[in-house]
Amino acid sequence: MTTAPEWQTRVGDVWAAEWRRTDRSFADLSRLLDAAILKVAPASGRAVDLGCGAGVTSLSLASARPHLAIDGYDLSPALIDVARERAAEQEASNVTFDVGAVPAALGDTPRYDLAVSRHGVMFFDDPRSAFAGIRAAMTPGAALVFSCFRAAAENPWAAETIAALGGRLDPPRGYAPGPFAFAERATIVDLLTGAGFGDVSIAAADYRYRAGEGLDAASDGADFYRRIGPVSKVFAAASEADRPALTQRLRAHLATHVQGEVLDFPAAAWIVTARA
Ligand SMILES: C[S@@+](CC[C@H](N)C(=O)[O-])C[C@H]1O[C@@H](n2cnc3c(N)ncnc32)[C@H](O)[C@@H]1O
């Protein structure tokens, strides 16, 4: 579970420092998600990126749809700083990034012709009211497109790695904000239809999660895992004295998955599309 105050501070700060390796891990998924977004993205009007993080989904949409205005919102000031720097570097003039909590930041008049998110919607404390607020901010018929993880058991980059460290990733009982909160199709359908969305389509997206690269891809992966995601929680829970041995076990496990100079794991996501 990762809470809003954690995203605003410690977790958001680490994601901001690690945006390059995070984007690398999701690059193969982004290819699929961006294609799904472009299938329904209008040529003009206004779009919102929900929990935009360091901004990659907004920026790619901004370049593909130069006449569409895009607002990216995220809880983390550090991530918004990175997203703004990237927008300036890319001279993307049709995208703005602001610190703000979804749905409050969106306002309550229907002004968005598209809402997108790469893995940003599984962290709402109250997903029912969040999706109701998102829908209220969308124009009638506007598309919502987001990605989220399927079950932990289908994501060995997390579940198998945690097991190799002696831990377990149990499915949450009921809803708890976190990477696997939307693993069940039924949860997604229930939340979206309950909020008034229609035409809900949920497609499986299998992709390569790139955890490490380079001459020592296992150490690169171990360093990334220690800082970000579900494995980092195992390290946070361990004592200072136990961490070096834990790091060695992690590196040894990851080394068994390295091929040449890359460390890839199979990963499983949903790409969800619905209409307001
Ligand atoms: C897994 S990260 C994904 C970030 C980004 N979309 C990406 O693909 O790199 C989830 C993001 O959602 C943001 N977030 C969570 N709850 C939010 C909320 N209620 N409003 C705005 N952002 C939120 C977090 O701060 C975090 O940056």
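Pro171 counts as exposed because its relative accessibility is 69% (exposed means over 50% relative accessible area, buried under 20% and partly exposed in between, with a 1.4 Å probe and protein chains only). This proline sits in the loop between helix 7 (159-164) and helix 8 (185-194); helices here are DSSP runs of H or I with at least four residues, strands are runs of E with at least two, and both are numbered from the N terminus. Pro171 and Ala87 are 84 residues apart along the chain, and their C-alpha atoms are separated by 37 Å.

The model is predicted, so local features need pLDDT of at least 70 and side-chain atom pairs count only at pLDDT 80 or more, whereas totals for chains, interfaces and linings use all residues. Residues are numbered from 1 along each chain as its sequence is written, and side-chain values use heavy atoms, with hydrogens and water left out.

On to the ligand. It is surrounded by 16 residues, and the closest are Gly51, Asp74, Val102, Arg118 and His119 (a residue is near a molecule or strand if one of its heavy atoms lies within 4 Å of it). By type, this shell splits into nine nonpolar, five polar and two charged residues; Ala, Val, Leu, Ile, Met, Phe, Trp, Tyr, Cys and Pro count as nonpolar, Asp, Glu, Lys and Arg as charged, and the others, Gly among them, as polar. An oxygen atom of the ligand is 2.6 Å from an N or O atom in the Asp74 side chain. Ligand nitrogen also shows up 2.8 Å from a polar backbone atom of Gly51 and 3.4 Å from one of Leu75. On its own the ligand has 590 Å² of accessible area, and the protein covers 95% of that (areas come from the Shrake-Rupley method with a 1.4 Å probe; for residues, only the protein chains shown count as cover).

Arg118, one of the closest residues to the ligand, belongs to strand 4 (residues 112-118) and counts as buried because its relative accessibility is 13%. Its side chain makes a polar contact of 2.8 Å with that of Ser30 (a pair of N or O atoms within 3.5 Å; within protein, one must be able to donate a hydrogen and the other to accept it, and residues adjacent in sequence count only if both atoms are side-chain atoms).

Aromatic residues come next, with 14 pairs in the whole structure. Rings of Phe, Tyr and Trp (its six-membered ring) pair if their centres lie within 6.5 Å; planes under 30 degrees apart count as stacked, over 60 as edge-to-face and the rest as tilted. Phe26 and Phe149 form a tilted pair, because their ring centres are 6.2 Å apart and their planes stand at 35°. Since Phe26 lies in helix 3 (residues 19-40) and Phe149 in strand 5 (residues 138-149), the pair ties together parts 123 residues apart in sequence. Both phenylalanines are buried, and ring pairs link Phe26, Phe149, Trp157, Phe180 and Tyr209 into a cluster. The Trp157 side chain also makes a polar contact of 3.0 Å with that of Asn155, a residue that counts as buried at 0% relative accessibility.

Most residues other than glycine have a negative phi, and most peptide bonds are trans. The bond from Val102 to Pro103, though, is cis, with omega near 10°. Glu91 has a positive phi of about 50°, and Asp199 has a positive phi near 50°.
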